[in-house]
Amino acid sequence: ADRHWPFIREYNRRGVIHPRKIVEAIEESGAKKTFLALEIIHSFEASDETVMRDLKESVQYVRDHI
């Protein structure tokens, strides 16, 4: 499936993406500069509060691993 889920506890438990492995792969690649972007897409029905909460939690989750 082509999911754009936020990195929140509910989805992180499923373990689909492991930020540490991504960082290790980038380090091993020898890349001099890398840009990472979170592509989180909520349904248009999602409240602003839900979107902001999920984005904040997602950024913190990724920061904790970089």
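**Reading a helical model**

Author: Buried residues make up 18% of the 66 residues in this protein. A residue is called buried under 20% relative accessible area, exposed over 50%, and partly exposed in between, using a 1.4 Å probe and protein chains only. The model is predicted, so local features need pLDDT of at least 70 and side-chain atom pairs count only at pLDDT 80 or more, while totals for chains, interfaces and linings use all residues. Residues are numbered from 1 along each chain as its sequence is written, and side-chain values use heavy atoms, with hydrogens and water left out.

Reader: How many helices and strands does the protein have?

Author: Helices (H or I, at least four residues) and strands (E, at least two) are DSSP runs, numbered from the N terminus. The protein has three helices and zero strands, and its elements run α-α-α from the N terminus on. Its C-alpha trace spans about 40 × 25 × 25 Å along the principal axes.

Reader: Is D54 buried or exposed?

Author: D54 counts as buried because its relative accessibility is 4%. This residue lies in helix α3, residues 48-63.

Reader: Which residues does D54 touch, not counting those up to four places away in sequence?

Author: A contact means heavy atoms within 4.5 Å. By that rule, D54 touches P6, I8 and H42. For the protein, 67% of the contacts between residues at least 6 apart in sequence join residues at least 24 apart.

Reader: Which residues form a positive surface patch?

Author: Patches are made of residues with over 30% relative accessible area and no salt bridge; like charges are joined within 9 Å, and nonpolar side chains (Val, Leu, Ile, Met, Phe, Trp, Tyr) within 5 Å. A salt bridge is a side-chain nitrogen of Lys or Arg within 4 Å of a carboxyl oxygen of Asp or Glu. Accessible areas come from the Shrake-Rupley method with a 1.4 Å probe, and for residues only the protein chains shown count as cover. Lys and Arg count as positive and Asp and Glu as negative, whereas His and the chain ends are not counted. The place of a charge is NZ of Lys, CZ of Arg, CG of Asp or CD of Glu. Here R3, R9, R13 and R14 form a positive patch. R13 is in the loop between α1 (9-12) and α2 (19-29), and R13 counts as exposed because its relative accessibility is 64%.

Reader: Where is E24 found?

Author: E24 is in helix α2, and its relative accessible area of 35% makes it partly exposed.
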